[in-house]
Amino acid sequence: MATTTGETRAAATAPNSIRLPGIALGIGLGGFVDGILLHQLLQWHHMLTSTDHDRVGVKYYDPQTVSGLEMNTVWDGIFHAVCWIAVLLGLALLYSRVTHNRRAVWTSRVLWGWILAGWGVFNLVEGLLDHQILGIHHVHGGPHQAWWDAGFLVLGALFLVAGHLLQRGGRPFDPGAHRDAGRAGGRA
């Protein structure tokens, strides 16, 4: 049976098409929460606060000095720029894939599940890479930093599982469905 290009595209982008945008949004938003809460408000760490005993030989910039804090702030800014790009990418992908009934996607458990899963991915990758492998910073340095780092990883795993369950519990969202079809049951 022959299919048209439109039918093939619709089949390829149907319910799972908001997975990648949701995960990208979750990675970016999770990074923003980390940067705003842990780097700026609580000031538990900056990007390079543990480089005095890291595993890759990055020069130490003591955050207790003005010059050290300036360099850590620059790297925090680079981190936030990457988070911003992830959010923009997620929004662009979402906009390009959801062609009708765009308002409904924001109330979709499927989208919010993928966003939560993306935040979990952020925590796991950032926690394993920066805290464990590179050792350039820890969640909360000091005598109990291993527990804080482990908690960050556990939280990431919980977000990933909860996001997966949340999106599975939502009704499939067909981003190409027209508004009337959404009211008939194709809505998320």
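Visitor: Before anything else, what counts as a pocket here?
Guide: A pocket is an open set of grid points with protein on both sides within 12 Å along at least five of seven lines. In this predicted model, the largest pocket has a volume of about 230 Å³.

Visitor: Which residues are closest to the centre of that largest pocket?
Guide: The largest pocket is lined by 13 residues, and those closest to its centre are Gln43, His46, Thr49, Pro63 and Gln64. Sorted by class, its lining holds four nonpolar, eight polar and one charged residues.

Visitor: Is Gln43 buried or exposed?
Guide: Gln43 counts as exposed, because its relative accessibility is 58% and the cut-off for exposed is over 50%.

Visitor: Which other residue has a positive phi of about 55° although it is not a glycine?
Guide: Asn101 has such a phi, again about 55° and again without being a glycine. Asn101 is placed in the loop between helix 3 and helix 4, the latter covering residues 102-106. With a relative accessible area of 14%, Asn101 is buried, since buried means under 20%.

Visitor: Let me step back to the fold, then: how many helices and strands does the protein chain have?
Guide: The secondary structure comes to seven helices and zero strands, and read along the sequence the pattern is α-α-α-α-α-α-α. The protein chain has 188 residues, of which 39% count as buried.

Visitor: At what angle do helix 2 and helix 3 pack?
Guide: Helix 2, residues 19-41, and helix 3, residues 66-97, pack at an angle of about 155°, and their axes are 7 Å apart. That angle makes helix 2 roughly antiparallel to helix 3, because the term applies to angles over 145 degrees. The crossing of these two helices is left-handed, and the residues of their contact divide into 16 nonpolar, seven polar and three charged.

Visitor: Staying with helix 3, is Phe79 buried or exposed?
Guide: Phe79, which lies in helix 3, counts as buried at 10% relative accessibility. Its C-alpha is 9.9 Å in space from the C-alpha of His46, and Phe79 and His46 are 33 residues apart in sequence. His46 has already come up, as one of the residues closest to the centre of the largest pocket.

Visitor: And what about Leu89, how exposed is that one?
Guide: Leu89 also lies in helix 3, and with a relative accessible area of 48% it is partly exposed. The C-alpha atoms of Leu89 and Gly28 are separated by 9.1 Å, while along the chain the two residues are 61 residues apart.

Visitor: Changing topic, how do helix 5 and helix 6 cross?
Guide: The axes of helix 5 and helix 6 come within 7 Å and cross at roughly 160°, and the two helices are therefore roughly antiparallel to each other. Helix 5 passes helix 6 in a left-handed crossing, and their contact has 18 nonpolar, 11 polar and three charged residues.

Visitor: How about helix 2 and helix 5, at what angle do they pack?
Guide: Helix 2 and helix 5 pack at an angle of about 55°, with a separation of 6 Å between their axes. They are therefore oblique to each other, and helix 2 passes helix 5 in a right-handed crossing.

Visitor: Back to pockets, what volume does the second largest pocket have?
Guide: The second largest pocket has a volume of about 180 Å³. Its lining consists of 13 residues, and the closest to its centre are Leu37, Leu38, Asn123, Phe152 and Leu155.

Visitor: Which elements give two or more residues to that lining?
Guide: Those elements are helix 2, helix 5, which spans 109-133, and helix 6, which spans 145-169. By class, the residues of this second lining divide into nine nonpolar, three polar and one charged.

Conventions:
Residues numbered from 1 in each chain as written. Predicted model: local features only at pLDDT ≥ 70, side-chain atom pairs only at ≥ 80, totals over all residues. Heavy atoms only, no water. Axes fitted to C-alpha atoms, helices over the stretch in contact; angles between N-to-C directions. Helix = DSSP H or I, 4+ residues; strand = E, 2+ residues; numbered from the N terminus. Parallel < 35°, antiparallel > 145°, perpendicular 65-115°, else oblique. Left-handed = near helix turned anticlockwise from the far one by under 90°. Nonpolar A, V, L, I, M, F, W, Y, C, P; charged D, E, K, R; others polar. 1 Å grid on protein atoms, 1.4 Å probe; cavity = no way out; pocket = protein on both sides within 12 Å on 5 of 7 lines; lining within 4 Å. Points joined across faces, edges and corners; volume = space filled by probe spheres on them. Buried < 20%, exposed > 50% of the residue type's maximum accessible area, 1.4 Å probe, protein only.
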